[in-house]
Amino acid sequence: MQSTVSLWIEVGKYTDASGMNPFQELYDLAISVLSLPNSNAEVERLFSQLNLVKTNLRNRLSTSSVSAVLTIRSGLKRVEKCCHSYELPASAVQKISTMAAYTSSVPSSNSSVNTVVVPDLENGENVEEDVLFSIRG
């Protein structure tokens, strides 16, 4: 056997001469136990990052804003950068504080899809992403 999981999958497929699996309950138990996380360290790391982002001063951040900040932090960490060492492309810096970064593509009565130009963390070039904005009245 190559791995524990492949062993238990084979046990789950086993049938005797009558077409029954005498080890079905044991298989169900083993798969349930194997699917449990062996540690909650990843969840603890996520909550630690969340506590750094959503403080008492920034307690009104929306779920999508918090998710965006955590995604950016994770992306920067993946390329071994931080907010202090990442350099924005010159074209992105020129668009800061202007509406040039946002172009409307499909307006509707209560929402619009806008193309947002964001810097790509991997290669430093700009990437266009379509984002749906809801307009509250």
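**Surface features and helix packing in the predicted model**

Glu42 is exposed, with a relative accessible area of 57%; exposed here denotes over 50%, buried under 20% and partly exposed the range in between, with a 1.4 Å probe and protein chains only. The structure is a predicted model, in which local features need pLDDT of at least 70 and side-chain atom pairs count only at pLDDT 80 or more, whereas totals for chains, interfaces and linings use all residues. Residues are numbered from 1 along each chain as its sequence is written, and side-chain values use heavy atoms, with hydrogens and water left out.

The side chain of Glu42 forms a salt bridge with that of Arg45, at 2.8 Å from N to O. A salt bridge requires a side-chain nitrogen of Lys or Arg within 4 Å of a carboxyl oxygen of Asp or Glu, and one is counted by this rule. Both Arg45 and Glu42 belong to helix α3, where three residues, about one turn of the helix, separate them. Arg45 is partly exposed, its relative accessible area being 49%.

Five helices and three strands are present in the chain, in the order α-α-α-α-α-β-β-β from the N terminus. Helices (H or I, at least four residues) and strands (E, at least two) are DSSP runs, numbered from the N terminus. Of the 137 residues in the chain, 14% are buried.

Helix α3 (residues 41-53) packs against helix α4 (residues 63-78) at an angle of about 115 degrees, and their axes are 10 Å apart. Axes are lines fitted to C-alpha atoms, for helices over the stretch in contact, and angles between N-to-C directions run from 0 to 180 degrees. The two helices α3 and α4 are therefore roughly perpendicular to each other, a class that covers 65 to 115 degrees. The crossing of α3 past α4 is right-handed, meaning that the near helix is turned clockwise from the far one by less than a right angle.

A nonpolar surface patch consists of Tyr14, Phe23, Leu26, Leu29 and Val33, which together have about 470 Å² of accessible area. Areas come from the Shrake-Rupley method with a 1.4 Å probe. Patch residues have over 30% relative accessible area and no salt bridge, and nonpolar side chains (Val, Leu, Ile, Met, Phe, Trp, Tyr) are joined within 5 Å. Phe23 is located in the loop between α1 (4-13) and α2 (24-34), and Tyr14 is in the loop between α1 and α2. Phe23 is partly exposed at 39% relative accessible area; Tyr14 is partly exposed, also at 39%. Tyr14 and Gln24, ten residues apart in sequence, have a C-alpha to C-alpha distance of 8.8 Å.

Definitions and conventions: Patches are made of residues with over 30% relative accessible area and no salt bridge: like charges are joined within 9 Å, nonpolar side chains (Val, Leu, Ile, Met, Phe, Trp, Tyr) within 5 Å. Angles under 35 degrees count as roughly parallel, over 145 as roughly antiparallel, 65 to 115 as roughly perpendicular and the rest as oblique.
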